[in-house]
Amino acid sequence: MGAKTWMLVLSDNDARSAFAAKAPLNKLETDRQVRALFPGEVLELIGEGSLSYTCPPDNEIHAACYPGVTLIAAKEFGIDYPSRLAQRFSSAGSIATLHAMHSAVDWFAYAVWKDGVLLRSLSLSPDSGILEDIGQRMAFEEPYWSGGHSAVDDEEDGAYPFPFHPLELGEAALNDLFGYQLEGVLDAALLDPDSIPLLCYRRSRSAWWKFW
């Protein structure tokens with residue numbers, strides 16, 4: 001698997017339905033939101049991307065605002081302990097959902113806040129084990145924890161630290177929470193992430209000095 005994400009989705013209610021509506025991208029609101037959440041940075045609009053790529057390099061932010069939902073992809077969201085996310089992010093929407101995964105280390109993490117209160121946070125990889133497991137499991141997780149999606153063949157039982165592959169759970173989270181997937185067996189009925197545009201910004205810290 002080569003899928004990677006580090007993104008935060010802010011929604012009024014159901015982000016999945018909001019993305020599925022495919023409303024026009026609100027560029028003015030996107031710009032306002034990004035500048036409000038990343039104060040003190042110089043942001044330069046450099047083009048457009050899509051929902052299929054939410055793992056921008058450290059010097060970029062990718063974002064989009066649609067009716068009822070805002071997505072922001074940035075390095076701040078690729079963290080091992082999602083519960084430690086800065087409050088300005090976790091309380092920025094009625095529902096805030098962090099999704100992060102990295103195929104190189106088979107790591108997946110996600111977290112959900114409601115009105116700034118953490119409801120669920122999970123972070124795990126085969127090398128590090130379970131880094132964080134807070135709150136009640138969401139429904140889409142249950143078949144994975146109960147052994148319905150084994151990461152190994154029967155004859156290899158015990159050779160893997162979890163009863164599932166973290167990246168497969170990460171794809172299930174994308175499907176359940178946002179209505180799309182990046183890899184695996186793709187359902188034609190799911191949202192095509194390439195159909196959802198994002199704005200791409202180059203970011204840099206503003207200088208604290210000035211010349212007279």
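This is a predicted model: local features need pLDDT of at least 70, side-chain atom pairs count only at pLDDT 80 or more; totals for chains, interfaces and linings use all residues.
Ring pairs join Tyr-144, Trp-145, Tyr-160, Phe-162 and Phe-164 into a cluster. In total, the structure holds 9 aromatic pairs. One of them is formed by Phe-19 and Phe-178, with ring centres 6.3 Å apart and planes at 85 degrees, so this pair is edge-to-face. The pair links distant parts of the chain. Phe-19 belongs to helix H1 (residues 15-20), Phe-178 belongs to helix H5, and 159 residues separate them. Phe-19 and Phe-178 are both buried. The rings of Tyr-160 and Phe-162 are also edge-to-face, because their planes stand at 75 degrees, with centres 6.2 Å apart. Tyr-160 and Phe-162 are both buried.

In soluble globular proteins, nonpolar side chains tend to be buried together. Here the largest nonpolar core has 62 residues. The members that touch the most others are Leu-8, Phe-19, Phe-38, Leu-71, Phe-77, Phe-178 and Tyr-180. Beyond its neighbours within four places in sequence, Phe-19 is in contact with Val-9, Val-69, Leu-71, Phe-178, Leu-191 and Ile-196.

The strands form an open sheet. This sheet has 9 strands with antiparallel pairing, in the order E2-E9-E3-E4-E1-E5-E6-E7-E8. Its edge strands are E2 and E8 (129-135), each of which pairs on one side only. On average, neighbouring strands of the sheet are turned by 15 degrees against each other, direction ignored. Within the sheet, E5 (residues 95-102) and E6 (residues 107-114) pair in the antiparallel sense over 8 bridges. Ala-96 has Trp-113 in E6 as its bridge partner.

Two helices lie across strands of the model. Helix H2 (residues 27-37) lies across E1 (4-11), E2, E3 (60-66), E4 (69-73) and E9 (197-205). H2 runs at about 130 degrees to E3. Helix H5 (residues 166-178) lies across E1, E5, E6 and E7 (117-125). H5 runs at about 150 degrees to E5.

Glu-41 is located in E2, which covers residues 41-50. With a relative accessible area of 15%, Glu-41 is buried, because this value is under 20%. The side chain of Glu-41 is joined to that of Arg-203 by a polar contact of 2.6 Å.

Note on methods
Residues are numbered from 1 along each chain as its sequence is written. Side-chain values use heavy atoms; hydrogens and water are left out. A nonpolar core is a set of buried Ala, Val, Leu, Ile, Met, Phe, Trp, Tyr and Cys residues joined through side-chain atoms within 4.5 Å. Buried means under 20% relative accessible area, exposed over 50%, partly exposed in between (1.4 Å probe, protein chains only). Contact means heavy atoms within 4.5 Å. Helices (H or I, at least four residues) and strands (E, at least two) are DSSP runs, numbered from the N terminus. A polar contact is a pair of N or O atoms within 3.5 Å; within protein, one must be able to donate a hydrogen and the other to accept it, and residues adjacent in sequence count only if both atoms are side-chain atoms. Two strands pair if DSSP finds at least two bridges between them. Axes are lines fitted to C-alpha atoms, for helices over the stretch in contact, and angles run from 0 to 180 degrees between N-to-C directions. Rings of Phe, Tyr and Trp (its six-membered ring) pair if their centres lie within 6.5 Å; planes under 30 degrees apart count as stacked, over 60 as edge-to-face and the rest as tilted.
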